[in-house]
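Hi everyone, thanks for coming. Let me put today's protein on the screen, and then I'll walk you through it.

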Amino acid sequence: MNMSFLDKWRKRHQTHRSVPLAESVRADPGSVVELLSECELLRAQAATAGVELDDSVRSLELLDQLQPVWRDDPEVLPWLGNDAGLYLGTVLVRTVRGAVWHVRPDGQPVVRLASGREIDVVTAGHEWADTGAPELSQVYAEVSEI
């Protein structure tokens with residue numbers, strides 16, 4: 001059965017492919033930094049506990065003190081871990097000289113330090129959300145000393 005409208009639809013939608021994150025970082029790094037810093041779920045959890053996330057080192061310390069109520073919800077846990085890692089990365093990029101977001105070829109955002117060392121902040125965020133260790137402020141302290 002010949003349905004020419006489907007062929008036209010496929011052609012039209014194939015030309016609007018998604019752009020890889022790495023390419024977006026190169027094209028418009030400011031917008032990507034803002035996108036990565038949103039962390040809506042983490043910000044909502046923190047606000048519920050009376051903690052304002054202002055992209056400061058102190059806010060990482062306050063996050064470390066939160067009751068981990070998210071561990072009881074298997075649907076929230078991975079998202080919160082991801083947000084925690086992105087928030088840690090945001091604080092690093094905004095406060096550590098020479099730290100920038102970098103996207104690996106596999107699409108994983110990491111923080112690259114001036115030394116070239118890459119910090120997998122998303123993995124650190126998941127570990128923090130899952131077990132509480134290492135603390136976000138501890139990761140920050142170790143990275144910022146370099």
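Some ground rules. This is a predicted model, where local features need pLDDT of at least 70 and side-chain atom pairs count only at pLDDT 80 or more, while totals for chains, interfaces and linings use all residues. Residues are numbered from 1 along each chain as its sequence is written, and side-chain values use heavy atoms, with hydrogens and water left out.

Okay, the layout. We have eight helices and three strands. Helices here are DSSP runs of H or I with at least four residues, strands are runs of E with at least two, and both are numbered from the N terminus. Reading from that end, the order is α-α-α-α-α-α-β-β-β-α-α. There are 146 residues, and 36% of them count as buried. Buried means under 20% relative accessible area, exposed means over 50%, and partly exposed is in between, using a 1.4 Å probe and protein chains only.

So which residues have the most contacts inside the largest nonpolar core? They are Leu-42, Leu-63, Leu-88, Val-111 and Trp-128, in a core of 35 residues. A nonpolar core, by the way, is a set of buried Ala, Val, Leu, Ile, Met, Phe, Trp, Tyr and Cys residues joined through side-chain atoms within 4.5 Å. The helices α4, α5, α6, α7 and α8 each supply at least two residues of this core, and α6 gives the most, with nine. Take Leu-63 as an example: leaving out residues up to four places away in sequence, Leu-63 touches Leu-42, Ala-46, Leu-53, Tyr-87, Trp-128 and Leu-136. Touching, or contact, means heavy atoms within 4.5 Å.

Now have a look at α6, which covers 77–95. Of its 19 residues, 14 are buried, so α6 is largely enclosed by the rest of the structure. From first C-alpha to last, α6 reaches 27 Å, close to the 27 Å expected at 1.5 Å a residue. That expected span is 1.5 Å times one less than the number of residues.

How does α6 pack with α8, and at what angle? The angle is about 35 degrees, and the axes are 11 Å apart. Axes are lines fitted to C-alpha atoms, for helices over the stretch in contact, and angles run from 0 to 180 degrees between N-to-C directions. On the α6 side we have Ala-84, Leu-88, Val-91, Leu-92 and Thr-95, and they meet Leu-136, Val-139, Tyr-140 and Val-143 in α8.

Last stop, the loops. Most residues other than glycine have a negative phi, and most peptide bonds are trans. Cys-39, in the loop between α3 and α4, has a positive phi of about 45 degrees. Cys-39 is also buried, with a relative accessible area of 4%. Asp-55 sits in the loop between α4 and α5, and its phi is positive too, near 65 degrees. Is Asp-55 buried or exposed? Asp-55 is buried, at 15%. Asp-54 is in that α4–α5 loop as well, but Asp-54 is partly exposed, at 46%. And between Ala-133 and Pro-134 there's a cis peptide bond, with omega about -5 degrees; look for Pro-134 in the loop between α7 and α8.
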